[in-house]
Amino acid sequence: MMVKQTAGRDQLGDFAPIFAELNDDVLFGQVWSREQELSPKLRSIVTVTALMTQGSFEQLEYHLTTAKQNGVTKEEIAEIITHVAFYIGWPKAWSAFNRAKTIWEDEM
């Protein structure tokens with residue numbers, strides 16, 4: 001069960017209320033809640049991979065934390081980043097590893 005997302009409204013609600021609504025209610029409310037179609041763990045893996053591909057490291061940190069909460073293990077995230085490194089570029093993978101290490105540091 002996904003937690004109700006309010007980050008859009010919290011961070012951008014006064015400045016960009018429509019974007020905030022779409023973020024919270026559509027992306028996180030409607031799309032992420034479709035757990036029968038795709039599990040939260042698999043959605044996290046897809047999202048982390050997409051963000052690494054784009055080099056969107058500001059959002060990556062949040063989604064790595066979410067991936068861990070959704071059951072992605074340290075071993076799985078290391079394998080995911082290693083695998084996609086050959087497709088997205090070594091520097092992006094290196095940056096992703098640095099962020100993942102801090103999130104999974106309690107398992108090291």
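This is a predicted model: local features need pLDDT of at least 70, side-chain atom pairs count only at pLDDT 80 or more; totals for chains, interfaces and linings use all residues.
How many nonpolar, polar and charged residues does the lining of the largest pocket have?

**Stop 1: the largest pocket.** Display the pocket; the space in it comes to about 600 Å³. Its lining consists of 20 residues. By class, eleven are nonpolar, seven polar and two charged, which answers the opening question. Now select Asn 23, Phe 28, Gln 59, Tyr 62 and His 63: of the lining residues, these are the closest to the pocket centre.

**Stop 2: the helices around the pocket.** Colour four helices separately: H1 (7-12), H2 (17-31), H3 (40-54) and H4 (57-69). Each of them supplies at least two residues of the lining. The largest share comes from H2, with six residues. Keep H2 in view for the next selection.

**Stop 3: Asp 24.** Select Asp 24, which is placed in helix H2. Is Asp 24 buried or exposed? Its relative accessibility is 2%, and the cut-off for buried is under 20%, so Asp 24 counts as buried.

**Stop 4: polar partners of Asp 24.** Show the side chain of Asp 24 together with the backbone of Arg 9. A polar atom of that side chain lies 3.0 Å from the backbone nitrogen of Arg 9.

**Stop 5: the surroundings of Asp 24.** Leaving aside residues up to four places away in sequence, select what Asp 24 touches: Gln 5, Thr 6, Ala 7, Gly 8, Arg 9 and Gly 29.

Note on methods: Residues are numbered from 1 along each chain as its sequence is written. Side-chain values use heavy atoms; hydrogens and water are left out. On a 1 Å grid over the protein atoms alone, a cavity is a set of points where a 1.4 Å probe fits but cannot get out, and a pocket is an open set with protein on both sides within 12 Å along at least five of seven lines; lining residues have an atom within 4 Å of a point. Grid points are joined across faces, edges and corners, and a volume is the space filled by probe spheres set on the points. Ala, Val, Leu, Ile, Met, Phe, Trp, Tyr, Cys and Pro count as nonpolar, Asp, Glu, Lys and Arg as charged, and the others, Gly among them, as polar. Buried means under 20% relative accessible area, exposed over 50%, partly exposed in between (1.4 Å probe, protein chains only). A polar contact is a pair of N or O atoms within 3.5 Å; within protein, one must be able to donate a hydrogen and the other to accept it, and residues adjacent in sequence count only if both atoms are side-chain atoms. Contact means heavy atoms within 4.5 Å.
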